[in-house]
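Please look over the chains before reading on.

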Amino acid sequence: MTEGRIQGAFQAAELAAEAASDDERITVTFKGSADTRVMAQVNELLTHVHDRALEQARREVVVDFRDLEFMNSSCFKAFVTWIVRVQGLAEDAQYKIRFLSDRGKHWQRRSLGALTCFAVDLVEVDA
Amino acid sequence: MSVDQSPPQTVPDLPPQVMARFRLVSLERLERIDAAWQALIAGSGSEADGETLTRELHTLKGDARVLGLGDVGMLSQRVEDLVFAALRRRFQVHEDVDIVMTMAIQFLGMLIRRKAGMVSGGIDLEGFLKQVDAVTLEWLQQPSSIPAPNTGGSARRVRTVEPVSATPDTRDRLASLTTDVYLEHLRATGATRDRLHATFAGLARAVEELGEVALGPVVEQHLAAAKALARELGKEEETRADTGGTRVKERVLEVLGVALVHLLRNAVDHGIEAPARRAGKGPGTLRVAVRERGSEVELRVEDDGRGVDIAGARAQAEAIGLVPLGATLTEEAIVDLLFRDGFSTREVPTDVSGRGVGLSAVRAEVEKVGGSIEVSTRPGRGSRFIVRVPLASHRCDVHVFTAARAPIRLAVGAEWEIAPSVGGGARCLTEWLDLPARNPVKTPVALELLLAGDRLLVAAADTPTRASAVRWCPTASSCACEVVRVGDEEALLVRPASLHERAGLR
C-alpha cells in the first residue's frame, strides 16, 4: 500500500491533526490550537509520519499549518526532535519537510523561521 | 548585547576524553536549564530554579569558551541575555520568547552533540541568532505586563551520551575481578603468591585510572583560554601552572572545572589591571596550583592584580540593599559578599563577567560535594582563591582485626557495631571467602557484629581497633570484599551483609 491515511490522526482539546500519503508525499495537517494537552499526540503522530516516510521512501513531507491558530513551545519541541531525527539519517534516506504557513500569523513567521535554522537544507517554509 | 561575531567553525580537535566529558556534563546542564526555565515560566519555579538557570548557563558559556567552541559560547551568550531579560520581568514571558528559548536549548544540544571534525552542515547558527535577537528585541519593546503563559511541564528527553572511558558498571566489574585476584594471592604460596600480588597491584592501579583524569592538560587549557581572554581585553598576562601530576575522579574534575572557568575569568576581568594601570608591575601573572592533600584536592588560583576593592564592594552592597547603610562589617564579611548570588562589584555587566553569577556558581558547586572555598586579598597585590574538594570514596572508617585462621588483616565497615561474644559458633570470615587456614590461633576472640538486624559471630585473633582506611581498589557495595590500606598494611574489607547473601546465610 502506498497511499492512505497514516496512523496517529487525532482530534483532542482544541486541535485536529491528520496525515495522509499519496504517491509523492506525505501531508500532515493541523487545525486549531496546540498546547501541552496534546503534546503526546503530536509526538506520536510525527513518529508515525517519520516511520511511514522511511518505509515508503518519500522525498518530502508537507506540514500544513495554515489553519493552525497557535502552537506552544512544548508542542514545538516535537518538531525540533523530528527534524533532528531526519538530520541524523544517512543522506539518501533523508526527506525534506515543507511547512505551508500563514504569513499573517506572526507566531508562525517567528517559530518557523527559527525552526528552519536547525536544518536549512531539509526544511522549507512556504507562505 | 555584546557578542562575539566570529563565524561558527568546525568542532576543534580536542582530546576525546575532554570533549566527551564536556558533552556529558553540558547535556546534563541543558536538562537542568530546560527544567528550570519550564518551571519558572509556568509560575511553579522557585528562587533556586532562577539561580540554577543563571549559574548553569554561565558555566556552559565559560566551558565553551575554554574549549574554543565559539558557536556554543555565542548562543549561550544570547540565551543568557534572554534569561536576564526574563529575570527582570519575573519570567512573565511572551509565548514567542518561550518558543525561541526552548528551541535555543535544543539548538545548543545539537551543537554540543556534534563530534570532532564535523562541520556545521545544514545548521544556520547565524540565522538562528538573528531570530533570537529579533524576538528578544520585540519583547523588550513591549510593555512588561504580559501575563505568564501556563504551558505545563516539560517532557523529559532521553539523554544520549557517550561513555568517557568505562561505564561505572564496567569499572565495578573490573574492580570485583581485581579483588578476586587478591583473594587468589591469599590462597597461593611462595613465588606464585608474590606474582599474584604484583598482578593485583597493577590491575588495581589500572582500574583506578579508568575513572581518573590528569589535571595538568585541563588546567593548561583553562589558562590558555584565560590568556586569550586577556588579549581580547587588551591586557598582558603570564600564566603559570603547577599540578604536580595530580589525577582526579571525573566528579572532582567537574567541580574544579567550574571553579577554574569562573575564577580565571574573574581574575582576568576584575583582577589583572590594564597595562597602563600596572605601572612598574609588568605583565599580570595568573598562577594555578593543584595538590592532593590527604583526602582532599586543593586548587589555588592566584593573581597579582588590584585585589578586591573592599570599599567599592561595601558601597555596592549598600546601594543594592544587601547590607544596611553604615553597618559594621569585617573585611572578611565584605569579601564573602562576592559569593552571594547576583552580587557584583561591576555596575554594568559585560559578556565576560559582572552579573554576580560566577563566584556564586563556584561556591554552590563546591559545597554540593562537601568542599569549601576561601579567598584572601591584598589591595594592589592581588587575590588568592583556595578551593578544597574531597576526593570522593577515597577513605572509609573501619574496624580492623586479624583473622583467627590465618595471619590476614581483615576489616569491616565502622557502621557495624562490634561487641565481645561469650557464646559459641563464631566462625572466621576467611572461611566464607574460601581462604585456607594457616597458623590459626589457638584461642580466638569471639566477636558479635551487629547492623540493622544483621548479626554475625566472628572469630578473630585479636581485638578490633577503629581506623581510617584508604580504599585501594573500591568495589561496589554489593561486592563481598574490597582491598584497603590501613596505615602501611593492607587489609581485606569484608562486607558481612553481601557475604551472608552470597553464602545463603541469614
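Start in chain B, where strand β2(B) and strand β4 (residues 284-293) run parallel and are joined by 6 bridges. One such pair is T239(B) with its bridge partner in β4(B), L286(B). Bear in mind that this is a predicted model.

**The five-stranded sheet of chain B**

β2(B) and β4(B) belong to an open sheet of 5 strands, ordered β2-β4-β5-β7-β6, with mixed pairing. Which strands form the edges? They are β2 (237-242) and β6 (372-378) of chain B, and each pairs on one side only. From one strand to the next, the twist averages 10°.

Helices pack on this sheet. Helix α8 (residues 215-232) of chain B touches β2 and β4 of chain B. Helix α12 (residues 358-368) of chain B touches β6 and β7 (382-390) of chain B. The table gives the direction of each helix against one strand.

| Helix | Strand | Angle between directions |
|---|---|---|
| α8(B), residues 215-232 | β2(B) | about 170° |
| α12(B), residues 358-368 | β6(B) | about 140° |

**A helix pair**

Two packed helices are described by the angle between their axes and the distance between the axes. α8(B) packs with helix α9 (residues 250-271) of chain B at an angle of about 20°, and their axes are 10 Å apart. Angles under 35 degrees count as roughly parallel, so α8(B) and α9(B) are roughly parallel to each other. The crossing of α8(B) past α9(B) is right-handed.

Which residues of α8(B) make the contact? They are V218(B), V219(B), H222(B), A226(B), L229(B) and A230(B). From α9(B) come L253(B), G257(B), L260(B), V261(B), L264(B), R265(B) and V268(B). By class, the residues of this contact between α8(B) and α9(B) are 10 nonpolar, 2 polar and 1 charged.

**The three-stranded sheet of chain B**

Another open sheet in chain B has 3 strands in the order β10-β11-β12, with antiparallel pairing. β10 (417-420) and β12 (454-460) of chain B each have a single partner strand, so one side of each is left without a neighbour in the sheet. Here the twist averages 25° from one strand to the next.

Strand β11 (residues 445-451) of chain B pairs with β12(B) over 7 bridges, in the antiparallel sense. L451(B) stands opposite D454(B) of β12(B).

**Chain A**

Now turn to chain A. It has 3 helices and 7 strands. Read from the N terminus, the elements of chain A follow the order β-β-β-β-α-β-α-β-α-β. Chain A has 127 residues, and 39% of them count as buried. Take the contacts in chain A between residues at least 6 apart in sequence: 69% join residues at least 24 apart.

G113(A) is a residue of helix α3 of chain A. Is G113(A) buried or partly exposed? The cut-off for buried is 20 or more C-beta neighbours within 10 Å. G113(A) has 18 inside 10 Å, so G113(A) counts as partly exposed. G113(A) and V125(A) lie 12 residues apart in sequence, and their C-alpha atoms are 7.9 Å apart in space.

**Where the chains meet**

How many residues does each chain bring to the contact? Chain A gives 22 residues and chain B gives 21 residues. On the side of chain A that touches chain B, α2 (73-87) and α3 (106-116) of chain A each supply at least two residues. The largest share of that side, 7 residues, comes from α2(A). By class, the side of chain A that touches chain B has 12 nonpolar, 7 polar and 3 charged residues.

Note on methods:
Residues numbered from 1 in each chain as written. Chains lettered and ligands numbered in written order. Predicted model: local features only at pLDDT ≥ 70, side-chain atom pairs only at ≥ 80, totals over all residues. Contact = placed C-beta atoms within 7 Å. Helix = DSSP H or I, 4+ residues; strand = E, 2+ residues; numbered from the N terminus. Nonpolar A, V, L, I, M, F, W, Y, C, P; charged D, E, K, R; others polar. Buried ≥ 20, exposed ≤ 12 C-beta atoms within 10 Å, placed from the backbone. Pairing = 2+ DSSP bridges. Axes fitted to C-alpha atoms, helices over the stretch in contact; angles between N-to-C directions. Parallel < 35°, antiparallel > 145°, perpendicular 65-115°, else oblique. Left-handed = near helix turned anticlockwise from the far one by under 90°.
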